[in-house]
Amino acid sequence: VFIVSGESAVNQEINRTETVIPAPQKSVRFDGSTTYARVENQTPFKFGTDQDFSIECMVKAKDWTSDPAIVSNKNWQSGYNPGFVISCTSGGGWKVNVGDGADRVDISGGSINDDGWHHLVTTFDRDGNMSIYHDGELAGSKPMEQIGDLDSPFEFVIGQDGTRSYPHFYKGLLAEIRVWD
């Protein structure tokens, strides 16, 4: 599945008849209690007020607690806090949240609590929509042009929020995490 954005990208929908999510060759297990990963060079993950970007990952999870972050650069204690988070939800699904301290946008995706691999993608078009895709299908899209600065004082972290101290850690496998500008 390819999701492309940019001024020269042709806007078209590609229909398919079958979704096959192959298991990745390699993955990392997060134990749900203490494990997370941080990125050494944080410079590429400063998106400021107008940088468009996309994040994708493969997840395989079951039986987590509450709403742990899958990938985040924010303090997830409040959705209004500056930054973004892709997280699990207490209902077995996933969601994406962005905030700038004053405004926030949230979109929920489908269920991922089945111990199967799922491909999750979020596109952040800073003067357009935030859109999420679940296994290649558009799961939701909302305007996000009111969201200002997404830079937070925290790092880009995998398996935990940016503070690295949120009380709920991601539990499951993660693979093929990619960030596109």
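Reader: How many aromatic pairs does a search of the whole structure find?
Author: This is a predicted model, where local features need pLDDT of at least 70, side-chain atom pairs count only at pLDDT 80 or more, and totals for chains, interfaces and linings use all residues. Residues are numbered from 1 along each chain as its sequence is written, and side-chain values use heavy atoms, with hydrogens and water left out. The search finds eight aromatic pairs. One of them is F45 with F156, a stacked pair with 4.2 Å from centre to centre and 15° between the planes.

Reader: Where do F45 and F156 lie?
Author: F45 is in the loop between β2 and β3 (53–61), and F156 is in the loop between β10 (137–143) and β11, so the pair ties together parts 111 residues apart in sequence. Strands and helices here are DSSP runs numbered from the N terminus, with at least two residues (E) for a strand and at least four (H or I) for a helix.

Reader: Are F45 and F156 buried or exposed?
Author: Both are buried. That word means under 20% relative accessible area, while exposed means over 50% and partly exposed is in between (1.4 Å probe, protein chains only).

Reader: ok, and what kind of pair do F53 and F84 form?
Author: A tilted one, with 5.8 Å centre to centre and 55° between the planes. F53 is in strand β3 and F84 in strand β5, 31 residues apart, and the pair links these distant parts of the chain. As for cut-offs, rings of Phe, Tyr and Trp (its six-membered ring) pair if their centres lie within 6.5 Å; planes under 30 degrees apart are stacked, over 60 edge-to-face, and the rest tilted.

Reader: Why does F53 count as buried?
Author: Because its relative accessibility is 2%. F84 counts as buried too, at 0%. Both F53 and F84 belong to one aromatic cluster with F45, F47, F124 and F156.

Reader: Changing topic. In what order do the six strands of the open sheet stand?
Author: The order is β2-β11-β4-β5-β6-β7, with antiparallel pairing. At the edges are β2 (37–38) and β7 (104–111), each with a single partner strand, so one side of each has no neighbour in the sheet. Two strands pair if DSSP finds at least two bridges between them.

Reader: How many bridges join β4 to β5?
Author: Three, and those strands run antiparallel. S72 has V85 as its bridge partner in β5. Strand β4 (residues 69–72) also pairs with strand β11 (residues 157–158), again in the antiparallel sense, over two bridges. There, S72 stands opposite V157, and V71 has I158 as its bridge partner.

Reader: and which residue of β6 does I86 stand opposite?
Author: V96. Six bridges join β5 to strand β6 (residues 93–99). The two strands form a hairpin with four residues between them, and G92 in the turn has a positive phi of about 95°.

Reader: How many residues of β5 are buried?
Author: Six of the six residues in β5 (residues 83–88). G83, V85 and S87 are buried on one side, and F84, I86 and C88 on the other. In a regular strand the side chains alternate between the two faces of the sheet.

Reader: Which residues touch the most other members of the largest nonpolar core?
Author: I70, F84, V98 and F124, out of 31 residues in that core. Elements that give two or more residues to this core are β3, β4, β5, β6, β7, β8 (117–124) and β9. The largest share, five residues, comes from β3. A nonpolar core is a set of buried Ala, Val, Leu, Ile, Met, Phe, Trp, Tyr and Cys residues joined through side-chain atoms within 4.5 Å.

Reader: Last one. Where is the place of H134?
Author: In strand β9 (residues 129–134). H134 is buried, with a relative accessible area of 12%.

Reader: What joins the side chains of H134 and W94?
Author: A polar contact of 2.8 Å. That term covers a pair of N or O atoms within 3.5 Å; within protein one must be able to donate a hydrogen and the other to accept it, and residues adjacent in sequence count only if both atoms are side-chain atoms. Also, a polar atom of the H134 side chain lies 3.3 Å from the backbone nitrogen of G110.
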